[in-house]
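Please study the sequence and the structure before working through each solution.

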Amino acid sequence: MTDAEMRAPRADATRNRDQLLAVATRVFMSADAEPSMRAIAREAGVGIATLYRHFPTRESLVDAVYRDQVVRLTTGARELLGRLPPAAAMRRWMDLFGDWIATKNGMLDTLLAMIESGEIAHAQTGADLLAAITMILDAGRAAGDLRSDVTAEDVAASLIGIFTVTPRPKHEAKASRLLNLLMDGLRPA
């Protein structure tokens, strides 16, 4: 067996990890407080040992979910622009951002402790998200779909405000209405 073969995780191990990550994301999103690792394993239909084999600590699971969500947001911007006009891509991306915010519901205490300790580079995340928003805004400006005087910081602050007063998943309809109003404000007169 080559060194590369020895290091590469088996396909079933990768699938298990991905399934655990998806379930943990869903559990964190729907939780009002931090769920136990046992509750996450139970929801995933695996034993606690399987969860700990992939994520030895709560922090490692929170880190993996957080990073996965950031990747989904940054790659999501490119993917949406490849399929949709810029204004529609922006609106769909706002939903992805709302999911990212909602995922923090069940991991907030751990996440804040990790940011404070420097385990998660919060500033880099902010820069990555602003770059994703800028990419969509730039495409929208070029297409004439989005106003030229709006910055990524404006959009990010608006989204944080919307999802602070209408947290998901409890206020999905109101959040959607406010996002649609925000989109109306982003379109040129």
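**Exercise 1. Determine how α5 and α8 are arranged relative to each other.**

Step 1. The axes of α5 and α8 come within 9 Å and cross at roughly 15°. Axes are lines fitted to C-alpha atoms, for helices over the stretch in contact, and angles run from 0 to 180 degrees between N-to-C directions. Helices are DSSP runs (H or I, at least four residues), numbered from the N terminus.

Step 2. Angles under 35 degrees count as roughly parallel, over 145 as roughly antiparallel, 65 to 115 as roughly perpendicular and the rest as oblique. The two helices α5 and α8 are therefore roughly parallel to each other.

Step 3. The residues of this contact (heavy atoms within 4.5 Å) divide into 10 nonpolar, three polar and two charged. Here Ala, Val, Leu, Ile, Met, Phe, Trp, Tyr, Cys and Pro count as nonpolar, Asp, Glu, Lys and Arg as charged, and the others, Gly among them, as polar. Among those that α5 contributes are Tyr 66, Val 70 and Leu 73, while α8 contributes residues including His 122, Thr 125 and Asp 128.

The model is predicted: local features need pLDDT of at least 70, side-chain atom pairs count only at pLDDT 80 or more, and totals for chains, interfaces and linings use all residues. Residues are numbered from 1 along each chain as its sequence is written, and side-chain values use heavy atoms, with hydrogens and water left out.

**Exercise 2. Determine how α8 and α9 are arranged relative to each other.**

Step 1. The axes of α8 and α9 come within 9 Å, crossing at roughly 115°.

Step 2. This angle makes α8 roughly perpendicular to α9.

Step 3. At the contact, Leu 130, Ile 133, Thr 134 and Leu 137 of α8 meet Ala 152, Glu 153, Val 155 and Ala 156 of α9. These residues comprise six nonpolar, one polar and one charged.

**Exercise 3. Which residues have the most contacts inside the largest nonpolar core?**

Step 1. A nonpolar core is a set of buried Ala, Val, Leu, Ile, Met, Phe, Trp, Tyr and Cys residues joined through side-chain atoms within 4.5 Å. Buried means under 20% relative accessible area, exposed over 50%, partly exposed in between (1.4 Å probe, protein chains only).

Step 2. The largest such core has 51 residues, and those with the most contacts inside it are Leu 61, Met 90, Trp 93, Leu 159 and Leu 186. Its largest share, nine residues, comes from α5.

Step 3. Leu 61 touches Ala 24, Phe 28, Met 37, Ile 40, Leu 51 and Phe 55, not counting residues up to four places away in sequence.
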